Structures are given as structure tokens and as C-alpha cells.
Amino acid sequence: MPQLPWAHIDTVLLDMDGTLLDLHFDNFFWLKYLPQCYADKNALSLAEAQAYLTPLLASYTGQLNWYCVEFWSKKLDLPIKQMKQDTAHLIALRANSDQFLTRLQAAGKHCVLVTNAHRDSLEIKLEKVHLAPLLDVIVSSHDYGYPKEDQRFWSTLSDKVDFAPQRSLFIDDSLPVLRSAQRYGIGHLRAVLQPDSLGSDKDCAEFVPSTDLLDLVSNL
Ligand SMILES: [Mg+2]
């Protein structure tokens, strides 16, 4: 893998779910726990609940609502925030993400969390994993009203946070999000190869894949 030119990178923009945190929690929550709760509430079989929810969830992909706790609570009449708290024991860091951030911090890099997660999800997760002290700025795209897939997210970010796109590294596990960051002019990009520790490797398409976050800082 090509090494990162750290002398030309001041800011590291980091996705949360699937990048710093194991996507296993989210996959379990949306693909297993939520369909089961929906089935129980509406006296459906699990297969019936999944048949209803899978296309419904897919129809909001890439939109801010897809990530919105309040939106799904209303739409499905389920206490999503409470359900996340009930399953919070599954929230975990991806391997080495805390050491990776510690290394960046020691090297004086500006670390910015940029997540599409809703503030309610963010709160539950950061309570569980204690990453906040290792981050300089925490941004939820819900604060701006546009998801990372939208160019307006990036222009709002550059109004509010001091960073030079060309001198920034962005790491994410979503190809549409990486493409949006690239289009905006983020200089250095890495795609997470295995966002869910129990899942398979992703197709990283045109992006350089990252397996172990610590490998990225081996030359820092
Ligand atoms: Mg992600």
C-alpha cells in the first residue's frame, strides 16, 4: 500500500461507524434487533418484518433521515434511542483505533470526527468508547442539515472548522461518502476494508483500502 505523505497532512477527518467503531453494532441493530422488535410489536414473523423493513430502509440510503433516530422512531413507532441503549454492550472500537488517534494526537495532527450519526447515537456511542478526549472536534452532519454524501456538508464544514482540504486525510467505509469528499477536494483518502469485524471485506473500488489503522501511521 502507498504510504501517506504525513508532511503534507495537517488534518485527519474520521468517520465513526465502521471506521473508528466496529460496524458490527450497527449491522446487528438495523438488520437483526430492529426487525425483531418490529415483528414483536406488530405481531409479524421475523421474515415479514424484514420483508417490510429492508426496502423501506434502503429507500432512505444516503439521506440524512436514514441516520435519524427521531425519524425512525416516528416512522416505525419504536423507541429507537432506548433500543440502542438496550444493545449498547455491543458498541466497540475497531482494532487499534484508540492507539491510532493517540499517535495522531502526539504528532500534533488536527483530528476531526465527521459522522452521519445522529447526536443521540453519537452520545450513546461516545459514552461507551471514550474517544472524545482523542478528538479535537466532533461534527454530526445533522448539525449542518446535510449528510456527508452532499457537497453542502463539506462546504459547511469548511465554514465552521479550520482545515485545508488538500492537506487533509479522510477515512471512511462508505464509497458514496468517499466520492463526495474526493469531489470536494479532500487530498488524501482511505477506505476501510473490513468495517464489521464479523463481516467480509468490502470492495473499496478506486480507493486505497485500509486494513489496520495503525499501519497508516507507521511512517508518522
Ligand atoms: Mg461509516
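I began with the strands: S2 and S3 (residues 137-140) pair in the parallel sense over four bridges. This is a predicted model, and I read it as such.

I looked for a bridge between S2 and S3 by residue. Thr115 has Ser140 in S3 as its bridge partner. Next I traced how the chain gets from S2 to S3. The path runs through helix H6 (residues 119-129), and this β-α-β crossover is right-handed.

I then turned to the pairing of S2 with S1. Strand S2 spans residues 110-115 and strand S1 residues 11-14. These two also pair in the parallel sense, again over four bridges. Leu14 stands opposite Leu113 in S2.

Leu104 was my next stop. I found Leu104 in helix H5, which covers residues 97-106. Is Leu104 buried or exposed? I counted 25 other C-beta atoms within 10 Å, and the cut-off for buried is 20 or more, so Leu104 is buried. I set aside neighbours within four places in sequence and listed the contacts of Leu104: Val12, Lys109, Cys111 and Val217.

Last, I looked at the whole chain. I noted 10 helices and six strands. Of the 220 residues, 36% count as buried. Among contacts with a separation of 6 or more, 66% come from residues 24 or more positions apart. The C-alpha atoms fill a box of roughly 60 × 35 × 30 Å along the principal axes. The radius of gyration is 18 Å; a compact globule of 220 residues would have one near 17 Å, so the chain agrees with that.

Terms used
Residues numbered from 1 in each chain as written. Predicted model: local features only at pLDDT ≥ 70, side-chain atom pairs only at ≥ 80, totals over all residues. Buried ≥ 20, exposed ≤ 12 C-beta atoms within 10 Å, placed from the backbone. Contact = placed C-beta atoms within 7 Å. Pairing = 2+ DSSP bridges. Right-handed = clockwise from strand over helix to strand, strands pointing away. Rg over C-alpha atoms; globule rule 2.2 N^0.38 Å.
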